[in-house]
Amino acid sequence: MRAMRAMLWVVWLAGVAVTVLHALRPHGLVLHSPASAGVVETAVACAAMLLAALFLGRWQQRGLLLDLGTSFALTVLAVAKLAFTVVPLAHGGTVPTQILVAALLCGAAAAVLLALAALAPDRQTRWRSSAELILFVIGVGGAVMAVAALASSRVGAFPGLSGPPTTDAAGDGAISAVTLVQAAAALAFGIASVGYARRARMSGDPFYGWMAICAALWALARVNYAWTPASLAADLTIGDWLRMAGYGVAILAASYEFTGYWRRLAQVAVLEERRRLARELHDGLAQELAFVATQARMLSRRSGDPEAEVLAHAAERALDESRRGIGALTRPLDEPLDVSLAQQAEELSSRLGVRVLLDLEPVGQVPADTREALLRIAREAITNAGRHAHARRIKVQLSNHVGVTLRVSDDGRGFLVDDPRATANGRYGLTGMRERAEALGGSMRLESRPYAGTKVEVWVP
């Protein structure tokens with residue numbers, strides 16, 4: 001979100017600088033292309049409809065008043081462009097002044113509606129039935145018709161209005177009424193930009209940040225339109241370039257939203273399949289391993305045979321592995337490492353009957369293979385401390401400085417680190433922990449003395 005805020009500041013500062021240059025040189029960057037008006041206005045109408053549809057879909061999913069209001073404002077803008085801009089341009093000929101005024105006022109009305117939507121409280125609407133679409137369409141039609149009726153009755157206030165019909169720009173012929181409408185629309189878009197930026201900062205939603213940038217460009221475009229000479233009404237001026245840049249950002253925002261939508265769908269599908277596999281493992285493999293481990297422990301206690309004890313330990317480790325796999329499958333894909341580590345430590349604490357103390361620093365998002373490796377290392381270290389070292393207290397620490405550091409220390413009976421029997425037959429899994437850390441480009445450090453506890457420290461970049 002910091003990058004989004006920085007981008008918004010750059011847009012405002014650069015836009016103000018361009019606006020000052022436009023005031024000094026009104027004929028700068030002017031492109032005389034009357035035939036391009038239809039193409040530009042059609043593209044703008046399509047972009048507005050795309051944004052309106054996206055916000056309507058967001059509202060149907062989350063029910064936020066902000067999304068509903070934004071969709072309504074953008075739909076009013078899109079419908080007004082089709083009715084008072086695209087259709088008259090396609091028809092050709094001289095456009096009546098009434099159409100020009102209606103297009104201008106509808107654009108200003110959409111700007112005001114967008115500002116109101118951006119300032120809407122963080123509240124959810126309760127009704128989401130099929131009748132909502134009908135009410136939405138009626139509301140949009142009513143708003144456009146009301147503005148058209150107002151334009152019909154106020155044509156005399158805009159004498160000399162020239163240029164192609166558009167909801168964004170019009171030649172004013174030094175008439176103050178048009179300038180006031182443009183200034184009011186610029187103020188409304190500016191308020192909308194601030195409102196969306198604030199909502200993006202509060203919710204962490206980048207889509208609102210994109211909308212803040214769009215509204216800023218639209219506001220700057222209206223400021224430039226306010227003092228564009230009437231002789232340039234049919235040309236593409238700096239205001240048009242800023243307006244098209246705003247809709248270009250809107251297309252980027254829509255692409256970002258579509259990408260996120262499909263990513264969320266894929267994540268939901270993957271998570272559902274993982275949960276299905278976890279249920280199969282729990283109801284099948286884990287139950288059978290639990291039975292084998294129980295029988296092996298009973299056999300070991302009755303016979304006292306060392307081989308039976310080895311079998312019991314192997315069955316318990318296999319059961320632990322199955323439980324670890326089930327936990328990994330049911331864990332959310334984007335769950336933070338510190339949360340996953342805390343849940344795993346709590347589970348092992350209750351199962352092993354030891355006290356586990358946690359000192360976990362949030363480390364942000366880490367790669368999936370790094371998170372899985374650290375969780376397995378922590379599980380192995382905690383299990384060894386509770387099951388083999390007979391520790392009464394285990395401390396798990398996670399820190400994030402230059403890389404991620406995991407420490408697991410206990411007050412168990414410890415061992416001699418250089419004793420080959422410590423790693424014989426993989427009893428403590430030390431070799432596996434070290435190999436996992438080194439596979440990630442990290443390292444593992446082991447400290448232990450007889451009856452003085454053990455500390456395992458793993459660092460990964």
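A polar contact is a pair of N or O atoms within 3.5 Å. The views below come from a predicted model.

**View 1. Asp-205 caps the N-terminal end of helix H7.** A side-chain oxygen of Asp-205 lies 3.0 Å from the backbone nitrogen of Phe-207. That distance falls within the 3.5 Å cut-off.

**View 2. Helix H7 covers residues 206–226.** The helix has 21 residues. At 1.5 Å a residue, they should span 30 Å.

**View 3. Helices H1 and H6 pack against each other.** H1 spans residues 2–24, and H6 spans residues 176–203. Their axes lie 11 Å apart and form an angle of about 165 degrees. Angles over 145 degrees count as roughly antiparallel, so H1 and H6 are roughly antiparallel to each other. Their crossing is left-handed.

**View 4. Cys-46 is partly exposed.** Its relative accessible area is 43%. The closest cysteine sulfur to that of Cys-46 belongs to Cys-214, 16 Å away. A disulfide needs two cysteine sulfur atoms within 2.5 Å, so Cys-46 and Cys-214 are too far apart for a bond.

**View 5. Cys-106 is buried.** Its relative accessibility is 1%. For the sulfur of Cys-106, the closest cysteine sulfur is in Cys-46, at 18 Å. This is too far for a bond. The structure as a whole holds 0 disulfides.

Terms used
Residues are numbered from 1 along each chain as its sequence is written. This is a predicted model: local features need pLDDT of at least 70, side-chain atom pairs count only at pLDDT 80 or more; totals for chains, interfaces and linings use all residues. Side-chain values use heavy atoms; hydrogens and water are left out. Buried means under 20% relative accessible area, exposed over 50%, partly exposed in between (1.4 Å probe, protein chains only). Helices (H or I, at least four residues) and strands (E, at least two) are DSSP runs, numbered from the N terminus. The expected span of a helix is 1.5 Å times one less than its number of residues. A polar contact is a pair of N or O atoms within 3.5 Å; within protein, one must be able to donate a hydrogen and the other to accept it, and residues adjacent in sequence count only if both atoms are side-chain atoms. Axes are lines fitted to C-alpha atoms, for helices over the stretch in contact, and angles run from 0 to 180 degrees between N-to-C directions. Angles under 35 degrees count as roughly parallel, over 145 as roughly antiparallel, 65 to 115 as roughly perpendicular and the rest as oblique. A crossing is left-handed if the near helix is turned anticlockwise from the far one by less than a right angle, and right-handed if clockwise.
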